[in-house]
Amino acid sequence: MERVFNFAPGPSALPEEVLKKAQEELLCYGDTGMSVMEMSHRSADFAEILDQAKADLKELMEIPDNYDILFLQGGASTQFSMIPLNLMVHNHKADYIKTGNWAKKAYEQAVKVGDAKVIASSEDKTYSYIPDYDISMLRPDADYLHICVNNTIYGTRFAPDRLPETPDNIPLIGDMSSNILSEPYDVSKFGMIYAGAQKNMGPAGVTVVIIRHDLVGQADPSIPTMLDYKTHVDKDSCFNTPPCFAIYMCGLVYKWLKEKGGVAAMAELNKAKASKLYDFLDNSALFKPTVLNPIDRSLMNVPFVTGDKDLDAKFVKESKEAGLVNLKGHRTVGGMRASIYNAMTMDGVDALIDFMKKFETENK
Ligand SMILES: *Cc1c(COP(=O)(O)O)cnc(C)c1O
C-alpha cells in the first residue's frame, strides 16, 4: 500500500527521509552490530546519539548556554505536574492563561500544588482566539506565568512577536508540544519550554524540556526524585533508562531539519502551507475556518467546519477514501482539523485543497 497524507494531530506524520534512514539503520547502527533499541544507554555509542541530538536541537533553536536540555518520559502531561512542583516554590502562586484544553489541564495540576490562577481565558468562544493580556494582569508575586504556545485542538497560537511580557523575576513557561521547531522563537524570553515529541519532533515516548539553569534545583527535597528537574540535569537525562530509540528518532529529525535549512527555512514553508490553506478557507462557499483573526492562527493546526454535522462526517469519510487521513476535528470543536506539521509537504496541502474544491462542487 502507498503512504497516505496523514493530517493527524499527534502522533503525527514523520518525514519520509527520516523513516527511511531509521529503516536502513534498524538492524545495525553504524559499526555496532546492533539496533539502537538494543543498546545500553550507558554505552559510548548511545552517549554520542544523545549528545548529538542535544547539540543539534541547541543549534536549531539557538538555545543559550545557560539552559539545560532534557529528554524525559511521561509526556507533556507529566510536565503539567513537574512545573508547579519545581517552580511554584517561592510564593506558592502561579498564573495561567487558559487558551484550550491543554492549558486547562496544566492549570488543573498546578491547583493541586498551590495557588494557581487563570488570569486570561478564551473559553467563552470555544478557545477560538488568543485573549488580550497585559503585564498588569499578572500577580506581581506569581512564581511564573504558564502559556500553551500553540493550541493543538483549537488552532491558535501566540506568535513569536506576541508572547506575553513578564518582569525579569517571573519566568514565562511555554508548552510548545505542537509547534516546537515550526518557526523561530526567542528561547531567552522563556524560563522553560517543553514539548512532547509526537507532534512535530519524533515518535511518542520522549518529552523535551529546555529549562534556564537558575530554575533548576529549587524544588522541595520531599518531592519524588524522578519529578525533580535537578535529578535529570545532574545525570544528563540518564538517571534512569531514557527512551533511547525515541531520542535517536528525534536526532534524525533534527538532522533532517538542518539539511532543510533549519527552523527559519521551515517557517517559510510552514507559512506558505498555512496561508494557502487559509486563503482557500476564507474564500470558500462551503468551508469556514473556526479561528477568524489571522494573527491568532496556528501554522500547525487548521480547524474548519461546513456548519452541517452530516456534511462534516461525509467529508471525513470521503477524504479518507482519497488518501487524506485523520482530518476529523476534536470533539470539542467538531468539524475538521488539518494538522500540517513540519513533515507535511506542500504536495499534501495541495492535495487537500484540491479535494476540498471537488467536495465543494459536489455538495453545493
Ligand atoms: C498533545 C499535547 C499535550 C499532551 O501531550 P502528552 O505527551 O500526551 O502528555 C500537551 N500539550 C499540548 C499543546 C499538546 O498538543
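K314 is partly exposed, with 34% relative accessible area. Its salt-bridge partner is E318, and the closest N and O atoms of the two are 3.8 Å apart. Both residues sit in helix α8 (residues 309-321), four residues apart, or about one turn of the helix. E318 is partly exposed too, at 23%. Keep in mind that this is a predicted model.

Searching the whole structure turns up 23 salt bridges. As a general point, side chains of opposite charge can pair when their charged atoms come close. Here are some of the pairs, with their N to O distances:

| Pair | Distance |
|---|---|
| K54 and D236 | 2.6 Å |
| R162 and D296 | 2.9 Å |
| D282 and R297 | 3.0 Å |
| K314 and E318 | 3.8 Å |

Which parts of the chain does the salt bridge of K54 and D236 link? K54 belongs to helix α2, while D236 is in the loop between α5 and α6, and the two are 182 residues apart. D236 is partly exposed, with a relative accessible area of 28%.

Then there's D282 with R297, whose side chains meet in a salt bridge at 3.0 Å, N to O. This pair also links distant parts of the chain: D282 is in helix α7 (residues 262-283), R297 is in the loop between β11 (288-289) and β12 (301-305), and 15 residues lie from one to the other. Is each of them buried or partly exposed? D282 counts as partly exposed because its relative accessible area is 43%, whereas R297 is buried because its value is 7%.

### A buried histidine

H330 lies in the loop between β13 (324-325) and β14 (336-339). H330 is buried, at 16% relative accessible area. Leaving out residues up to four places away in sequence, H330 touches N101, I153 and R337.

Most residues other than glycine have a negative phi, and most peptide bonds are trans. So a few spots deserve a look.

E62 is not a glycine, yet its phi is positive at about 50°. E62 falls in the loop between α2 (44-61) and β2 (67-72), and is exposed at 66% relative accessible area.

S237 has a positive phi as well, near 65°. S237 is in the loop between α5 (229-234) and α6, and counts as buried at 3% relative accessibility.

Finally, G10 and P11 are joined by a cis peptide bond, with omega about -10°. P11 is in the loop between β1 (5-6) and α1 (16-25).

Key: Residues numbered from 1 in each chain as written. Predicted model: local features only at pLDDT ≥ 70, side-chain atom pairs only at ≥ 80, totals over all residues. Heavy atoms only, no water. Salt bridge = Lys/Arg side-chain N within 4 Å of Asp/Glu carboxyl O. Buried < 20%, exposed > 50% of the residue type's maximum accessible area, 1.4 Å probe, protein only. Contact = heavy atoms within 4.5 Å.
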